[in-house]
Amino acid sequence: MHQIAICDDEKEELDKTEWLLYHYGEEHPDYRFTIRRFDNEAQLLSVVKGGEYVPDLLLLDIYLPDRLGTEVAKELRDLGKESRIIFLTTSTDHALDAFRVDALQYLVKPVSEAELFAALDKFLWDIEDKRKKYLLLRIEGMTHRVEVDAIVFLEAQGKRQCMHLADGTQVVLHMTMTELFRMLSRYQKFVRVGAAYIVNLEFIDSLNSHNICLDTGRNIYLPRGAFQPLKKQYFQYYCEEKKEKGAAESDKK
């Protein structure tokens with residue numbers, strides 16, 4: 001469930017934007033969201049500062065009664081709020097200021113359905129992409145979010161598994177290696193090494209027929225027969241990564 005806020009001092013604009021959002025929801029029934037309206041920036045900032053509400057997405061008018069929308073956005077950022085922001089405005093005069101506060105999009109009124117829908121698509125893609133980079137794991141009776149890129153390796157310890165993170169933290173998980181690898185297998189960088197390990201290829205400094213040297217200083221001894229398949233996966237991963245980086249650089253030129 002996503003929380004979407006609209007802040008505009010004109011009722012007609014609030015009504016129009018809200019209608020477009022509901023129409024978008026009808027066309028995307030898999031995405032659920034709630035909408036909250038604010039007709040002034042003071043009310044919006046008050047509920048955010050009070051801790052009662054923080055929108056995932058904010059559709060924010062630039063020209064508000066007492067201050068510019070870009071100033072409101074800066075205050076939200078100073079409060080540590082990471083809400084995505086789409087600015088709605090009658091002028092392009094403040095576009096540069098908008099992107100200084102990490103705006104998702106800057107749309108000039110009258111905003112068309114196609115323009116707003118494209119910006120909403122981008123918001124949802126960004127949200128989904130960010131979620132894919134975290135695992136939700138049950139640790140000591142509580143659900144924690146663990147950043148995928150921070151996982152160095154996992155090792156079996158009897159019926160439990162120990163997850164080693166880049167900052168040196170070790171997390172004990174009451175899950176099987178098979179369950180954990182199912183969660184991580186969508187990321188090409190994670191490979192099974194024998195029955196006891198899952199290793200993040202990004203952290204391998206070097207490897208030979210006997211062990212893996214991780215750039216954290218840890219060594220993992222390879223079980224019999226593990227070296228050749230691991231070596232193949234390791235070089236394949238870096239060849240693919242090099243191709244992707246090369247393609248990205250070409251697109252920039």
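Reader: Before we start, what do the numbers rest on?

Author: Because this model is predicted, local features need pLDDT of at least 70 and side-chain atom pairs count only at pLDDT 80 or more, while totals for chains, interfaces and linings use all residues. Residues are numbered from 1 along each chain as its sequence is written, and side-chain values use heavy atoms, with hydrogens and water left out.

Reader: Thanks! Why is strand β8 called largely enclosed?

Author: Buried means under 20% relative accessible area, exposed over 50%, and partly exposed in between (1.4 Å probe, protein chains only). In β8 (residues 151-157), 5 of the 7 residues are buried, so the strand is largely enclosed by the rest of the structure. A strand here is a DSSP run of E with at least two residues, and a helix is a run of H or I with at least four; both are numbered from the N terminus.

Reader: How do you know that β8 and β9 pair?

Author: Two strands pair if DSSP finds at least two bridges between them. β8 and β9 (residues 160-165) have 6 bridges and run antiparallel, with F153 bridged to H164 of β9.

Reader: And what makes β12 a partner of β8?

Author: Here 3 bridges join β8 to β12 (residues 197-200), again antiparallel. E155 has Y197 as its bridge partner in β12.

Reader: Why are β2 and β5 called edge strands?

Author: The open sheet has 5 strands in the order β2-β1-β3-β4-β5, with parallel pairing. β2 (33-38) and β5 (105-108) each pair on one side only, and they are the edge strands.
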